[in-house]
Structure formats: C-alpha cells, structure tokens
Amino acid sequence: MVELKNISEKLESIQEEYMKNKRVMLSDVWTDESASLLHEAIENKTSFLNAFAIDGKYIQSSDRELGNMTTEEKRELQRTIYKDASNGIGFFYGRHNINKNTEFSLYKALFNYLNSDVCLNFIRQITGNENVISASLQVTRYISGNFLTRHNDVLPSEGRAIAYVFGFTPNWHPDWGGLLHFFNAEGGMVDTFFPKNNTLSLFDVNLPHSVSYVTPFAKYPRYSITGWFNVI
Ligand SMILES: O=C(O)CCC(=O)C(=O)O
Ligand SMILES: [Fe+2]
C-alpha cells in the first residue's frame, strides 16, 4: 500500500503558492511506510535505461551496454551528447517507465494510487485544474554526468498539464548539481528546487526548467519518481 499523508490543514497555503507562482514544493508527503518502501525499491529493485539523443533520435541504453563500449566509443558518445546540449537541447539520465502493465506490485500500486480519485482530487484542489484525469510516471536516476537542459513539458498529444517530481534523495549537497531550476520567459533564473527526500514538486508544464549537470563528485544518485498529471 502506498499513499500520501493527509495534508488538508496546509492545503490553503499550498493552493495560494501554486496559484501565485505556478509551482510549489511540499515536504514530508508520503506516509513513513510508503516513503521507505518506495525508496528501497528505487535503490535496489529498479533497472534503469540511460536516455539520450543522437542526431535527433531518442535512444535508451542499459548500464551494461554503455559499460561495454570502448573508451573511444564512449568519448564519441559524450561528444555528441555535449554538442546538442551546448546548443540548448540535451539530456542524459536514467529512467524506468511505469505504466498500467507494470508487474512489480509496488509500482503497480503506485500507478493505481497516482491515478486514483484520492490523488487526482488532491492535485485538482492544489492547482485549480479540474480537468486532470490521469497520471503518467517514471522513476529517474541522475548520476554524475547526467543532466536535462532547459525545456518545458508541454506535450498536447499526451494532455500534460502539471509536472510533478517526488524526490527520494536524502542528504544531497547543492555542490553536486542536479538542481531543478526555473526560468522566466527572458531566460532569467527565477527559482531552484533542491533535491530532497520525501518531497513533491508540482509545476505548470509551461514553465521553462532544467536539471543541472550532476558533478563528478556527487556522492549518490539523484532519485525521483516523476511524470505528469494529464487532462486526457
Ligand atoms: O527531475 C526533475 O527535477 C525534473 C525532470 C524534468 O524536467 C523532466 O523529466 O521533464
Ligand atoms: Fe521537464
């Protein structure tokens, strides 16, 4: 069983903040049992595929596939990824997709919970978006060298309305990167959400944002469960 804590007494201030900034970060969101079950599953029971693009083509490679590359191949891959990133479109991070066909019982329960009326009503209340009817999800892992350059999450074909990030990273140091930055329309940085454990960041898909480069000296991976609340 996974579930969020009841936070009805804080709801009004959360709503106000979301309405004002189109983003909000909540702390201590999962029940203690859910937080530790999810954390343990992400760390020990989840296989990640490394997502990146080469010449505009979306690629997902396992850690083993990347590990088996020669030094020369790795260097070439890095060069290609960095070239796109330097032009403003780049990503390199680990992901594990969860959907209605997922068999692992905890992730199945998580998918059902995030798509339940209890959870969707909570999101509708905070954001004022009454049309939210589904959630899509993935587990993500950012290790040293991973990043996601500035973008928005608008994708009409999937009806994305609100992006969410459940943080599962205790004891993160800002020097390690992996910071969720928000930008205004002029490209100025307006806010930063710091990776933490048992948090929920919610933001409007129109807000430009990025995940900063995770430095070579990051002690741990930055783990999250992330996705979108959708209107279709
Ligand atoms: O992990 C995060 O903080 C944000 C991820 C993100 O922006 C995305 O996956 O589109
Ligand atoms: Fe995003």
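Between which two elements does the loop that holds Asp-28 lie? In this predicted model, local features need pLDDT of at least 70 and side-chain atom pairs count only at pLDDT 80 or more, while totals for chains, interfaces and linings use all residues. Residues are numbered from 1 along each chain as its sequence is written, and chains are lettered from A and ligands numbered from 1 in the order in which they are written.

Asp-28 sits in the loop between β1 and α2; helices (H or I, at least four residues) and strands (E, at least two) are DSSP runs, numbered from the N terminus. Although Asp-28 is not a glycine, its phi is positive, at about 55°. Most residues other than glycine have a negative phi. With 14 other C-beta atoms within 10 Å, Asp-28 is partly exposed. Here a residue is called buried if 20 or more other C-beta atoms lie within 10 Å of its own, exposed if 12 or fewer, and partly exposed in between, with C-beta atoms placed from the backbone. Asp-55 also has a positive phi, near 50°, and belongs to the loop between β2 (49-54) and β3 (57-62). Asp-55 is exposed, because 7 other C-beta atoms lie within 10 Å.

Six of its eight residues are buried, so β10 is largely enclosed by the rest of the structure. Strand β1 (residues 23-27) runs antiparallel to β10 and is joined to it by five bridges, with Val-24 opposite Leu-202. Strand β7 (residues 160-168) is likewise antiparallel to β10, over seven bridges, and there Val-165 faces Ser-201. Two strands are said to pair if DSSP finds at least two bridges between them.

The largest nonpolar core has 39 residues, of which Ile-162 and Leu-202 touch the most other members. Strand β7 gives the largest share of this core, six residues. Such a core is a set of buried Ala, Val, Leu, Ile, Met, Phe, Trp, Tyr and Cys residues joined through C-beta atoms within 7 Å. Beyond its neighbours within four places in sequence, Leu-202 is in contact with residues including Tyr-18, Val-24, Ile-126 and Ile-162, where contact requires C-beta atoms, placed from the backbone, within 7 Å.

Val-205 is partly exposed, as 19 other C-beta atoms lie within 10 Å.

Around ligand 1 stand Thr-140, Leu-148, Asp-153, Val-165, Leu-180, His-209, Val-211, Ser-224 and Thr-226. The elements that give two or more residues to this shell are β11 (209-211) and β12 (222-230). A residue counts as near the ligand if its C-beta atom, placed from the backbone, lies within 6 Å of it. By type, the shell holds four nonpolar, four polar and one charged residue; Ala, Val, Leu, Ile, Met, Phe, Trp, Tyr, Cys and Pro count as nonpolar, Asp, Glu, Lys and Arg as charged, and the others, Gly among them, as polar.

An unreviewed UniProt entry places the feature "domain: Fe2OG dioxygenase" at residues 133-231. Over residues 133-231 the chain is 0% helix and 53% strand, and the end C-alpha atoms are 5 Å apart.

Terms used: Two residues are in contact if their C-beta atoms, placed from the backbone, lie within 7 Å. UniProt positions are given in the numbering used here, feature names are shortened, and annotations may be inferred rather than shown by experiment.
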